[in-house]
Amino acid sequence: MILFASCSPQKRIARIAKKYNLTQKEVVTVNDTVCIPGDTLFFTVPSERDTVIVTKYGTIETTHDNGQNVVYVKVTTPPDTLINTVYVPVEKVVVQNVEKQRRVPWWLFVMLIALVAFVTYAEKK
């Protein structure tokens with residue numbers, strides 16, 4: 001099993017890329033998205049007046065109870081989506097197009113040998 005795993009195409013490409021220095025560093029951008037649900041929180045604190053504070057992160061409402069010296073606080077946060085961009089370095093194999101050298105076809109040698117043999121045979125007769 002180990003012998004077959006060492007001969008896999010991925011391993012062969014990795015060995016060739018390392019031998020001929022065909023790897024190139026590249027950065028891949030990945031967007032990571034996190035959704036935050038909205039929530040409401042109620043609690044009471046002692047105070048003397050009513051207030052409403054609105055920000056981009058939420059709303060805080062305080063309501064004063066006239067009978068008691070207590071304020072009811074309601075904090076509301078809207079749902080939000082956070083997008084985090086992550087840059088991941090990756091190695092990639094660069095494909096180079098190399099033109100093959102022009103070589104004489106093998107059948108041309110066979111024809112030349114046959115021609116020499118034919119001419120030699122014809123001269124002997």
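This is a predicted model: local features need pLDDT of at least 70, side-chain atom pairs count only at pLDDT 80 or more; totals for chains, interfaces and linings use all residues.
A residue is called exposed when its relative accessible area is over 50%, buried when that area is under 20%, and partly exposed in between.

**Overall architecture**

The protein has 125 residues, of which 6% are buried. Its secondary structure consists of three helices and six strands. Read from the N terminus, the order of these elements is α-α-β-β-β-β-β-β-α. Of the contacts between residues at least 6 apart in sequence, 61% join residues at least 24 apart. The accessible surface amounts to about 11900 Å², and carbon and sulfur atoms account for 62% of that surface.

The mean pLDDT of the protein is 77, and 82% of the residues reach a score of at least 70. Among the elements, the lowest mean pLDDT, 58, belongs to helix H1 (residues 2-6), while the highest, 89, belongs to helix H3.

The structure contains two salt bridges. In one of them, Lys25 is paired with Glu91, and their closest N and O atoms are 3.2 Å apart. This pair connects distant parts of the chain, since Lys25 belongs to strand E1 (residues 23-36) and Glu91 to strand E6 (residues 80-93), 66 residues apart. The other salt bridge is formed by the side chains of Lys92 and Glu26, with an N to O distance of 3.2 Å. Here too distant parts of the chain are linked: Lys92 is in strand E6 and Glu26 is in strand E1, 66 residues apart.

| Residue | Relative accessible area | Class |
|---|---|---|
| Lys25 | 63% | exposed |
| Lys92 | 38% | partly exposed |
| Glu26 | 34% | partly exposed |

Lys25 counts as exposed because its relative accessible area is 63%, and the threshold for that class is over 50%. Lys92, at 38%, is classed as partly exposed, and Glu26, at 34%, is likewise partly exposed.

**The surroundings of Lys25**

Where does Lys25 lie, and what does it touch? Lys25 is located in strand E1. Leaving aside residues up to four places away in sequence, Lys25 is in contact with Val90 and Glu91. With Glu91, the side chain of Lys25 also makes a polar contact to the side chain, at 3.2 Å. Pro89 is 64 residues away from Lys25 in sequence, yet the C-alpha atoms of the two are 6.8 Å apart in space.

Asn21 sits in the loop between helix H2 (9-19) and strand E1. Its phi angle is near 55°, a positive value in a residue other than glycine. With a relative accessible area of 61%, Asn21 is exposed.

Trp106 is exposed, having a relative accessible area of 66%.

Definitions and conventions
Residues are numbered from 1 along each chain as its sequence is written. Side-chain values use heavy atoms; hydrogens and water are left out. Helices (H or I, at least four residues) and strands (E, at least two) are DSSP runs, numbered from the N terminus. Buried means under 20% relative accessible area, exposed over 50%, partly exposed in between (1.4 Å probe, protein chains only). Contact means heavy atoms within 4.5 Å. Accessible areas come from the Shrake-Rupley method with a 1.4 Å probe; for residues, only the protein chains shown count as cover. A salt bridge is a side-chain nitrogen of Lys or Arg within 4 Å of a carboxyl oxygen of Asp or Glu. pLDDT is the predictor's confidence in each residue, from 0 to 100. A polar contact is a pair of N or O atoms within 3.5 Å; within protein, one must be able to donate a hydrogen and the other to accept it, and residues adjacent in sequence count only if both atoms are side-chain atoms.
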